[in-house]
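Here are my notes for you, as promised. Keep the viewer open and click along as you read.

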Amino acid sequence: MDHHGAMQLLDQIRRNMESCIYGKKDEIAWMLTAMLAGGHVLIEDVPGTGKTQMVKALALSVGGIFHRIQCNPDLLPTDITGVSIYHPKLEQFVFRPGPIMANMLLTDEINRATTKTQSALLEAMEERRVSVDGETHTLPQCFMLFATQNPIEFEGTYSLPEAQLDRFLMKIKLGYPDEASEKRLVLEPSASRAAEALTAVATVEDVAELQRQAEGIHLETTVADYLISLIRGTRHHPGILLGASPRAAVALASAAKAYAFLNHRSFVLPDDVKAMAPLVLGHRLHLRSEARMQGVTTVQILQEVIRLLPVPVGMER
């Protein structure tokens, strides 16, 4: 697939999603960016904003296997990874795969699962494989985890540990639709179920090729210096207790490349880094208690760090 064909295919996927997800062009672009970067996404928002429909629309658009898990305190790790069952006729244990064997897995309300069950996802997120009864099983091609959590309910929830938060490429919020989009949902009963009728415009193999091309996007040295200065700036800001990790730097570079590729460019601009920074770094930073008490957010601090950074000029393309 050449560059022109890749751009056409990406535009097709985007239009396919926009045909059933109304008023969410930016959010669709973020989801496609995460897909191109091969990362996992944490979606934090109130119920009923279309989180499941968004993920389902992406999976159906690329012909991927989509599975959904509703997390709760009773959910066991084997309910996600699968289990080995003894087969009397074969006289051996046979692996029965769990819902994690998908191209795109949605775990609803991940913070309702116990910490033990949450940790079962760590290996899958990082290594793209699961271990059951001492045997390793590779996950399907282009595996992506989309996890949702409700930001306003605390009873019966288990906060995600920093190590797991750091493995999500992005944390996004969908927000409420605009007035016109919400009116359309009310007037057209089928609009809220439009994602169910989507047909695939690409394949999982196409996605793997798009990911390879996105990885090859040029990151000029001065832009890389700008990115590193942003990362290191979060570590020295007086309002931040825990700054961005080296994994966060790699994630931001991957997201910036993918975002540039999505926008039909073969090189990364500083604007790509700035656009992706709140999504990639916001959930990885931990504020000092004084800053939290003053109502300061991680996004505000990131904007302050970005504002103080000199933007590179005269880049080689």
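**Notes on the model**

1. Start with D166, which is buried, at a relative accessible area of 12%. Buried here means under 20% relative accessible area, exposed means over 50%, and partly exposed is in between (1.4 Å probe, protein chains only). You'll find D166 in the loop between α6 (162-165) and β9 (170-172). Helices (H or I, at least four residues) and strands (E, at least two) are DSSP runs, numbered from the N terminus.

2. Before going on, a word on what you're looking at: this is a predicted model, where local features need pLDDT of at least 70 and side-chain atom pairs count only at pLDDT 80 or more, while totals for chains, interfaces and linings use all residues. Residues are numbered from 1 along each chain as its sequence is written, and side-chain values use heavy atoms, with hydrogens and water left out.

3. Which side chains make polar contacts with the side chain of D166? One is S245, at 3.1 Å, and another is R247, at 2.8 Å. A polar contact is a pair of N or O atoms within 3.5 Å; within protein, one must be able to donate a hydrogen and the other to accept it, and residues adjacent in sequence count only if both atoms are side-chain atoms. Leaving out residues up to four places away in sequence, D166 touches S245, R247 and R284 (contact means heavy atoms within 4.5 Å).

4. Now the sheet. It is open, has five strands in the order β2-β5-β8-β1-β9, and its pairing is parallel. The edges belong to β2 (66-70) and β9, each with a single partner strand, so one side of each has no neighbour in the sheet. On average, neighbouring strands are turned by 20 degrees against each other, direction ignored. Two strands pair if DSSP finds at least two bridges between them. β1 (residues 41-44) and β9 run parallel and are joined by three bridges; look for L42 opposite K171 in β9.

5. M144 sits in strand β8 (residues 144-149). Is M144 buried or exposed? Its relative accessibility is 1%, so M144 counts as buried. M144 and G39 are 105 residues apart in sequence, yet 6.5 Å apart in space, C-alpha to C-alpha. Beyond four places in sequence, the contacts of M144 include A34, V41, N103 and L105.

6. Next, a hairpin. β3 (residues 82-87) and β4 (residues 92-97) pair in the antiparallel sense over six bridges, and H87 has Q92 in β4 as its bridge partner. Four residues lie between the two strands, and E91 in the turn has a positive phi of about 55 degrees.

7. Two loop residues are worth a click as well. R128 has a positive phi of about 60 degrees although it is not a glycine, and it lies in the loop between α5 (115-127) and β6 (129-132). R128 is partly exposed, at 26% relative accessibility. H264, also not a glycine, has a positive phi near 65 degrees. H264 is in the loop between α10 (246-262) and α11 (270-281) and is partly exposed, with a relative accessible area of 39%.

Note on methods:
Axes are lines fitted to C-alpha atoms, for helices over the stretch in contact, and angles run from 0 to 180 degrees between N-to-C directions.
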